[in-house]
Amino acid sequence: MLARLKPALRPFRLYRAARFGWHFATDPVFRRDHVLLWRRPKNLFQHRSITLPDRYPVIFDFVQRQLGASADLRLLSFGCAMGDEVFSLRGLFPRAAIKGIDINPANIAAARARQRAAGAASDSSIVFECGGTVAAEPSAHYDAVFCMAVFVRWQIKTDPNVKTCAPHLRFADYEAAVTDLARTVRPGGLLVLRYSMFRFADTAIAREFRPVLSVPMLATLFTPRFDRHDLRVPDETSEQAVFQKN
């Protein structure tokens with residue numbers, strides 16, 4: 001019954017406020033995500049921590065085929081939330097050194113707690129670190145850098161009439177962040193981007209890479225795209241997701 005009433009109730013501020021208050025009181029992940037948003041730390045892009053294990057099987061399997069499952073690799077998960085991506089990568093790359101970075105200290109604490117609970121705390125090749133940039137990471141260091149559903153804001157995804165992303169995220173900030181991510185990828189290594197509001201091809205650093213895998217833009221997780229001027233571009237049915245450094 002309530003599910004049928006929701007579309008009619010959403011325009012009312014009182015309903016939205018009550019719904020927000022209920023989630024804030026009962027959902028600890030929702031609560032800490034919004035506390036982070038209110039703090040507005042520098043370099044905050046995506047503030048939501050919702051993720052799933054093995055969320056990108058097509059992309060991960062492709063990267064495994066490209067790099068080899070048994071190689072001694074260095075992998076970086078930027079925006080790792082509570083570690084699902086890192087733990088999924090460990091299953092595919094048992095010998096890799098994997099670092100997860102997230103801007104939310106509560107997420108990093110949760111990821112480390114999960115690591116201890118799984119008895120993997122002694123695995124020094126998995127490291128979680130709190131941060132909003134990769135400025136401290138060495139250049140040309142990683143065999144693959146993953147940045148999944150980071151450069152997006154839910155306020156934009158849920159607005160079908162949005163024309164510009166400027167009030168929430170700007171292309172200039174995206175380009176600065178993704179350029180630094182690209183810096184950490186070794187020659188021949190892979191930069192993996194999924195569910196971004198901007199196109200990597202529009203950045204200046206893209207000339208140092210070539211796209212090697214495109215994936216469908218799923219209707220249930222559709223992300224509108226914006227150009228260098230923060231203006232919406234025509235919707236696309238697929239997304240270039242994996243790029244190899246020259």
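Biologist: What makes S6 and strand S7 count as a pair?

Modeller: Two strands pair if DSSP finds at least two bridges between them. S6 and S7 (residues 238–245) share 7 bridges, in the antiparallel sense, so they meet the rule. Arg-210 stands opposite Gln-244 in S7. This is a predicted model, where local features need pLDDT of at least 70, side-chain atom pairs count only at pLDDT 80 or more, and totals for chains, interfaces and linings use all residues. Residues are numbered from 1 along each chain as its sequence is written, and side-chain values use heavy atoms, leaving out hydrogens and water.

Biologist: How do you know which strands stand at the edges?

Modeller: Take the order of the open sheet: S3-S2-S1-S4-S5-S7-S6, with mixed pairing. S3 (126–130) and S6 (209–216) each have a single partner strand, so one side of each lacks a neighbour in the sheet. From one strand to the next, the twist averages 20 degrees. Strands here are DSSP runs of E, at least two residues; helices are runs of H or I, at least four; both are numbered from the N terminus.

Biologist: Why is helix H6 said to pack on the sheet?

Modeller: Contact means heavy atoms within 4.5 Å. Helix H6 (residues 105–117) touches S2 (97–102) and S3. Its direction makes about 160 degrees with that of S3. Such angles run from 0 to 180 degrees between N-to-C directions, along lines fitted to C-alpha atoms, for helices over the stretch in contact.

Biologist: What makes a residue buried, and how many of the 246 count?

Modeller: Buried means under 20% relative accessible area, with a 1.4 Å probe and protein chains only. By that cut-off, 44% of the residues are buried.

Note on methods. Buried means under 20% relative accessible area, exposed over 50%, partly exposed in between (1.4 Å probe, protein chains only).
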